[in-house]
Amino acid sequence: MTKREEVLSMDPFLGLDIAKGESQVQAFLRKKHPYKKSFKFEHHLEGLDVFYKFYKEVEVEAGKDPVVIFESTGHYHDRS
């Protein structure tokens, strides 16, 4: 697999469903192959530490950095 194909495959990846105050995360080592159960973490230092440790766990399990995909569930970007 070329480097370009590897990047386009986005394996492994972490999907983050962002909400106000907390986020839901699900990891995939390969498309349609979830890694462990999804979980929530709060948006404070302790919660971000939980997410970071999980990110590193997925990195070790997969042997490479996971891609992180953010899905916003609200209009937090709209400040009008």
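The model is predicted, with local features needing pLDDT of at least 70 and side-chain atom pairs pLDDT 80 or more, while totals for chains, interfaces and linings use all residues. Residues are numbered from 1 along each chain as its sequence is written, and side-chain values use heavy atoms, leaving out hydrogens and water.

Switch to cartoon. The protein chain has 2 helices and 4 strands, in the order α-β-β-β-α-β from the N terminus. These are DSSP runs: helices are H or I with at least four residues, strands E with at least two. Of the 80 residues, 26% are buried (under 20% relative accessible area; exposed is over 50%, partly exposed in between; 1.4 Å probe, protein chains only).

Next, select M10, in the loop between helix 1 (3–9) and strand 1 (13–18). M10 counts as partly exposed because its relative accessibility is 35%.

In the loop between helix 1 and strand 1, move to P12. The peptide bond from D11 to P12 is cis, with omega near -5°. Most peptide bonds are trans, and most residues other than glycine have a negative phi.

Now select K32, in the loop between strand 2 (22–30) and strand 3 (33–42). K32 has a positive phi of about 70° and counts as exposed, at 70% relative accessibility. Finish at K36, in strand 3, where phi is also positive, at about 60°.
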